[in-house]
Amino acid sequence: MEVADVSMTRRRTGCLRILQHRIIGVLFVVIVCLHMIVHINVTHPRVTAAQAPSAAKFFQKGQIFARSRLSPNMRSGDRKLYPLHRNRGHYVTSNTPNAVAEGSQSAGATGSNNVVAPMYSQASTVFTIAGDIGGTNSRFALFRSNLKEEGIGEMVFNKKYKNTAFSSFSQAVKSFIDEATSGTESGLPRDSKQIVSGAFAIAGPVLYGTVKFTNLDWPSVSATELSQELGIQTEIINDFVGLSQGLVTLEDSDTVTIHKGKRIPRAPKFCIGAGTGLGEAFLTFNDELGEYEAWPSEGGHSDFVPRTEEQLEMAGWIRKKIYPSKLALDIGARISVERVCSGGGLINTYEYLKHKYPEEIDPTSEAEYELADPKQKPAVISKWGVKNMDSLMGRTIQIFLFTLGSEVANACLKFLPFGGVYIAGGIVPKLLDQVAMAEAAPESCDIDHPEMCEQSLLSGFEIYKTLKRDAKNKGRMGELLSKVPVLLVTGPKVDTIAINGAQIVAKRIALRLAKERVEESV
């Protein structure tokens, strides 16, 4: 009996302690809430009745920033601009607050050093910079856009520079800004302070807002340092993120279908392009943004996998060219797919074929090749190769397209891009320019009847044949591979698609800055 009483007493004591803890917890939450309410009322007083109409008009639907979700009356295909997502922004301070448009007031409040855009009541037209920085050239564009309107705005000034003319990236950007603001044409800014934001798609891996140039001797640059140096808010993205983001600006007339496949709405997309290097990126549909969102990849630096005895021998030859022989043998050093599928890859492949088949060298094309600048040698190979596909230069192009097709096939398995595979870059579109389209359009191709494609464009058919071969080699995955749409990006937008993608990001920065400014003023 006494034991039972003791046990009962202990249980009652335990229950009382639990109750005490809960009461203390509730009181703590109430105190914290009261403190927050007092703090909000002191630091953020309510908007008065007189101020309410003025404040409300800035938050009308679609005014300050785009919808956070797709509204019921918005078609899924509509292209919208949204504020930057997650942690892509790089906030900085500057002693020179930027104005947005000619004649507008400065962006920052008195005594404030934040680089922000003014409220829409002051100006809704902004100037932004977009850049596409490759291994050989840098392209910059100045856009004028209205933050209240959709779209990327109007390109009012653009310039292309050779990277060898500059010793650093910031030097190239400053040169462009100087040219853009010194013109006499109407509609251009008269001062760099009128430029609000900039986004730059750069060839190289971007980590924490810092890029290390892969194919340039320029020093690394971070978005924070660049923003402080230029006095504007900037963001750095991978070049193929910019290009992939720019896919949303393409029309049907800007692409040629290699393989029709079966497109699935909002499915992932994949983008690949060979130029100075081999770029890859993928896109996923973001329901919150209401549009596709591009993501970086360095897939071009993955391993090259030879498919034939000749390719196996070529891989060994290129490996010995890159690495010391003993090291290559000791560790089994590999080569990346970029060593074959790029401008430099064309040179590697052609040099190997010359080494293996010296008796087949064409003296005319070889003479032009030897005299050409190293950066122009891939163009010489393309020029002569398409004229005779049985020549060494022609077989170089075949190996290049063969490798590109294999990389596309592998990407199809990795990303399941039923939204489409887009082939861009500098080399394949230029091959298209040199090979006339025949009557049989690529979209008439059938994965089971390749003879229907034999008269279609050269580069498309070579890639198509590789996809067909790989579809059979994938075994159980062959049927899946045959349903992925594959398209070539062509036409005048080839050189501007990455610029357009960077401008989408630059305008999002301007939208975000305007939103922050309005929130500060309320």
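This is a predicted model: local features need pLDDT of at least 70, side-chain atom pairs count only at pLDDT 80 or more; totals for chains, interfaces and linings use all residues.
Local features need pLDDT of at least 70 and side-chain atom pairs pLDDT 80 or more, while totals for chains, interfaces and linings use all residues. Residues are numbered from 1 along each chain as its sequence is written, and side-chain values use heavy atoms, without hydrogens and water.

**View 1. K493 pairs with D254.** A salt bridge here is a side-chain nitrogen of Lys or Arg within 4 Å of a carboxyl oxygen of Asp or Glu. The closest N and O atoms of K493 and D254 are 3.3 Å apart. The pair links distant parts of the chain, 239 residues apart. K493 sits in the loop between strand 14 (486–489) and helix 15 (497–521). D254 sits in the loop between helix 5 (239–245) and strand 9 (255–259). Helices (H or I, at least four residues) and strands (E, at least two) are DSSP runs, numbered from the N terminus. K493 is partly exposed at 23% relative accessibility; D254 is buried at 6%. Buried means under 20% relative accessible area, exposed over 50%, and partly exposed in between (1.4 Å probe, protein chains only).

**View 2. R512 pairs with E516.** The closest N and O atoms of this salt bridge are 3.7 Å apart. R512 and E516 are 4 residues apart in helix 15, so about one helical turn separates them. R512 and E516 are both buried.

**View 3. K515 pairs with E519.** Their salt bridge spans 3.8 Å, N to O. K515 and E519 lie 4 residues apart in helix 15. K515 is partly exposed at 26% relative accessible area, and E519 is partly exposed at 43%.

**View 4. Salt bridges form a network.** The network links E351, K354, E366 and E370. The salt bridge count comes to 15.
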